[in-house]
Amino acid sequence: MSDAASLPPSDHESSLGRRSRWRVLLWLSAIFLLLFSIVPISWAVIRWRTNQAIAAELDRIRAAGEPASFEDVIDSIPPLAPEKDCTQLYDEVFAIITSQVWERRAGSLPYVGDGEADESSIPPPGVDWLGLEAAAKFIDGENYNFMTLDKAAALGGECRFALTGSDLTTQDVMRVGYKPRAAARLLSLRAIVAAHRYHPSDLHLTLTALGVLPNCLAAEPQALSLEVRVALYGMYYYQSAQMLDFAGFSDEQLAALQDVTRDVDYCEQLRQAVRWERLYCAQCFDGAYALDSELTALMSKRPRIWYCVSHVDAWEYWRAMRRYCDATRSNDLVAVWRDTNQVNDDIQQTLARSSAMPQRYFVTNGTVGGAWHLAAAAVRGTATDRAFNTFVACYRYKLKHSAFPERLDDLVPACLAAVPQDPFANAPIRMTKIDGDLVIYSVGPDGKDDGGEARSDDLRYRSNSWKRTYEESRAKVQGTAQP
């Protein structure tokens, strides 16, 4: 038995051993390949399913009649009524006041050119203004521009900029808004001069033109123009509110100032703006962002691994923007502000949970917040509008009763149809008195009622504000100049 056990294995047994080893090796290779390929296979499946979901989202957008391309945005803008089309009028003025020659001539004057005026250098009527003569001479030389702007305002002030679908991929808000901003500064200077000359009819005409000016952007894609329009309306409110103590306006003229912005619909503007924003920032996912400075700056920071997870980022972006679009469907701005804040909080929590892998939602994190800022601009514009019109109503009341009202309810129905609601809070616009001055204000985005004391921005209107602003600015300048 020992001799048999020591015999060498046969060729057959050796062959079986080699096949067994190869079989094990093949199984191990197959298992290794399976493990190695499961990641790219899963990635490909997830990417395919994500792209299918995004395609379905685009189909839903089209089915709802919402723009799914920049060409759709342009096509959705209705043509202007011929009797309201002021495009030619505004083009004539914009061509003049944006020329380099004109800007060099006007640049040193307050509220004209690139810089804002130093408020400490512009006294209210009744106080000597060293710059009055130069400003008045300049204004008198701009009769053609003012005549054209007044004519456009009388027609409603609507116009169309020459934008196409392809322009929208590269157009930014500053380029669209530069021309009307220049016109607004020119009108502001004319208003200041008219107030110092005690010409109430010229002042009223100027403020009306300033209030109608934002309509020149009414037909443009709202994400390009919404915040500029809010800023332009803010200039109208600010200038008008400052001058009410010196203007000597009649009740009819004051009522006309209220009517200038009575039909502004920020809800519809916001809906259009968010839909356009959804398309605008989606360029990041198809590489069409290169000519836009802000998106280019964002995408220049993207990590390399983002290319592997960009489909996940894209789906989160489209899902987040759907929620923003749904949150802005209401015509109740109090509900819009509440819902958009909730969406923003939820998105921020989602992004915070992905902090271990921030590149997963790189574009969503950098772009989706723009929709919230649009909502904030729309709600802010409405709050400003309502506070200003309530402020003017108080001056109408003062004309009849020689004193400001004790309660806002006293304004109804003679000066206001109803006390307006503050869209930042489910409560009426506030009224108080500080140092004998009337103050009308909104609580603002933080929702905190400061009693009108700290609210120094465009959400507060105070009587005698021009005089107080000038005196406080001069005191600050003089205090700084002392050794």
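This is a predicted model: local features need pLDDT of at least 70, side-chain atom pairs count only at pLDDT 80 or more; totals for chains, interfaces and linings use all residues.

Q: What volume does the largest pocket have?
A: A pocket here is an open set of points on a 1 Å grid over the protein atoms alone, where a 1.4 Å probe fits, with protein on both sides within 12 Å along at least five of seven lines; lining residues have an atom within 4 Å of a point. Grid points are joined across faces, edges and corners, and the volume is the space filled by probe spheres set on the points. For the largest pocket that comes to about 900 Å³.

Q: Which element gives the largest share of the lining of the largest pocket?
A: Helices (H or I, at least four residues) and strands (E, at least two) are DSSP runs, numbered from the N terminus. Among the elements that give two or more residues to the lining are helix 3 (70–75), helix 10 (222–247) and helix 12 (266–281). The largest share is five residues, and the element is helix 12.

Q: Is Q269 buried or exposed?
A: Q269 sits in helix 12. Leaving out residues up to four places away in sequence, Q269 touches Q222, L226, R229 and V264, where contact means heavy atoms within 4.5 Å. Buried means under 20% relative accessible area, exposed over 50%, and partly exposed in between (1.4 Å probe, protein chains only). Because its relative accessible area is 7%, Q269 is buried.

Q: Where does helix 10 bend?
A: Helix 10 is mostly covered, with 21 of its 26 residues buried, and G248, with a positive phi near 70 degrees, follows it. The bend at a residue is the angle between axes fitted to the seven residues ending there and the seven starting there. In helix 10 the bend is about 25 degrees, and it falls at A241.

Q: Which residues touch the most other members of the largest nonpolar core?
A: A nonpolar core is a set of buried Ala, Val, Leu, Ile, Met, Phe, Trp, Tyr and Cys residues joined through side-chain atoms within 4.5 Å. The largest has 123 residues, and its largest share, 16 residues, comes from helix 18 (residues 369–401). The residues asked for are Y90, L203 and Y324.

Q: Why does R190 count as buried?
A: R190 lies in helix 8 (residues 173–196). Not counting residues up to four places away in sequence, R190 touches I139, F146, D150, L205 and T206. R190 counts as buried because its relative accessibility is 12%.

Q: What does A418 count as, given its relative accessibility?
A: A418 is in the loop between helix 18 and strand 1 (421–422). A418 and L408 are 10 residues apart in sequence, with their C-alpha atoms 9.1 Å apart in space. Because A418 has 46% relative accessibility, it counts as partly exposed.

Notes: Residues are numbered from 1 along each chain as its sequence is written. Side-chain values use heavy atoms; hydrogens and water are left out.
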